[in-house]
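Please keep the sequence and the model in view while reading.

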Amino acid sequence: MTELTRIPLAGVIGSPIAHSRSPRLHGYWLKRYGLKGHYIPMDIAQADLRDALQMLPKLGFVGLNVTIPHKEKVLALADIVTDRAALIGAANTLIFRKDGKIHADNTDGAGFIANLRQNAPAWVPAAGPAVVFGAGGAARAVIAALIEVGVPEIRLTNRSRPRADALRQDFGAKVVVHDWVQAGNLLEDAATVVNTTSLGMVGKPEFRVPLDALSPRALVTDLVYTPLKTNLLIEAEEAGCTVVDGLGMLLHQAAPGFERWFGVRPEVDEATRDAVIRP
């Protein structure tokens, strides 16, 4: 087969992976734009990751999305790492280049901001402090993105404080760490509130931080998208806040990889959302 006749393959790797909505999303885009290509979910164990990254390009793969537990480890296996992936300490997008090199990027932060810009166009990042709940990989991407767009202060809290302290070490003085027991107090005068934890997700404990101090002028977003409208968003909406669900971040973070692999920049619109959330 020549490069001109080889059908490009992409996919998502993780373990577990059966729950991923990425195949539905990329499959929809491939069909929508009439492109030749396939997108495949692959459950790859950590012990097999290096071998998989060496073999998949030989099988016709042009790139991958990466999810838990591989997002950190792929950085060490990549030949080229973008600055933002290095800063975040994880990659979610791999490009297998024609020269044989693996290019690692992280589009989570850009997807997070694009989701807010699209669904809350009046949002002004510099309007006041942001509160971020959680200190995992998603929080790292969110914090990097918030700093980049001009948020003046980030109040960070996590159930395990040492993980939050580690993020402050990496991101500097704009990040102020608070104990989880004080989480409700952090909301006073906050302009942006972000839940990056799994609290409130189907099958997980509820998000129980009191929202009494929440300003109705705040924007509240939850990275959880199962359910689409979490209790945090329901309560925030009842308090008069602008709310944005987490599905748009999933859609927007996927678009740059799709463009690199298949040659078309896909549109993120209501039809895309419907294709991903329909039963």
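## The annotated lysine

Lys-71 is buried, because its relative accessible area is 18% and buried means under 20% relative accessible area, with exposed meaning over 50% and partly exposed in between (1.4 Å probe, protein chains only). The model is a predicted one, in which local features need pLDDT of at least 70 and side-chain atom pairs count only at pLDDT 80 or more, whereas totals for chains, interfaces and linings use all residues. Residues are numbered from 1 along each chain as its sequence is written, and side-chain values use heavy atoms, with hydrogens and water left out.

UniProt, in an unreviewed entry, lists Lys-71 under "active site"; UniProt positions follow the numbering used here, feature names are shortened, and annotations may be inferred rather than shown by experiment. Lys-71 sits in the loop between strand S3 (61–66) and helix H3 (73–77), where helices (H or I, at least four residues) and strands (E, at least two) are DSSP runs numbered from the N terminus. When neighbours within four places in sequence are set aside, Lys-71 is in contact (heavy atoms within 4.5 Å) with Val-66, Ala-90, Ala-91, Asn-92 and Asp-108.

## Two domains

The protein is divided into domain 1 (9–105 + 253–277) and domain 2 (109–244), with bounds that come from an automatic or database domain assignment. The centres of domain 1 and domain 2, taken over C-alpha atoms, are separated by 26 Å, and nine residues of domain 1 are in contact with eleven residues of domain 2.

The unreviewed UniProt entry also places the feature "domain: Shikimate dehydrogenase substrate binding N-terminal" at residues 12–94. That span is 35% helix and 23% strand, and its end C-alpha atoms lie 10 Å apart.

S4 pairs with strand S6 (residues 102–105) in the parallel sense over two bridges, and Val-81 has Ala-104 as its bridge partner in S6.

## The parallel sheet

Six strands form an open sheet in the order S9-S8-S7-S10-S11-S12, and here the pairing is parallel. S9 and strand S12 (242–244) are the edge strands, each pairing on one side only, and the twist averages 20 degrees from one strand to the next. S7 and strand S8 (residues 154–157) run parallel and are joined by four bridges, with Val-131 standing opposite Arg-155 in S8. Helix H6 (residues 137–148) packs on the sheet, where it touches S7, S8, S9 and S10, and its direction makes about 170 degrees with that of S7.

## Aromatic pairs

A search of the whole structure finds six aromatic pairs, where rings of Phe, Tyr and Trp (its six-membered ring) pair if their centres lie within 6.5 Å, and planes under 30 degrees apart count as stacked, over 60 as edge-to-face and the rest as tilted. Phe-133 and Phe-207 form an edge-to-face pair, at 5.0 Å centre to centre and 80 degrees between the planes. This pair links distant parts of the chain, 74 residues apart, since Phe-133 is in strand S7 (residues 130–133) and Phe-207 is in the loop between strand S10 (192–195) and strand S11 (219–222). Both Phe-133 and Phe-207 are buried.

Phe-258 and Phe-262 form a tilted pair, at 4.9 Å centre to centre and 50 degrees between the planes. Both lie in helix H9 (residues 247–262), four residues apart, which is about one turn of the helix. Phe-258 is buried with a relative accessible area of 0%, and Phe-262 is buried with 10%. Trp-29, Tyr-39, Phe-258, Trp-261 and Phe-262 form one aromatic cluster.

## Backbone details

A cis peptide bond joins Ser-15 and Pro-16, with omega about 5 degrees, and Pro-16 is placed in the loop between strand S1 (9–14) and helix H1 (22–32). Another cis peptide bond joins Thr-226 and Pro-227, with omega about 10 degrees; Pro-227 lies in the loop between S11 and helix H8 (231–238). Asp-189, although not a glycine, has a positive phi of about 65 degrees, and Asp-189 is found in the loop between strand S9 (175–178) and S10.

Key. Pairing = 2+ DSSP bridges. Axes fitted to C-alpha atoms, helices over the stretch in contact; angles between N-to-C directions.
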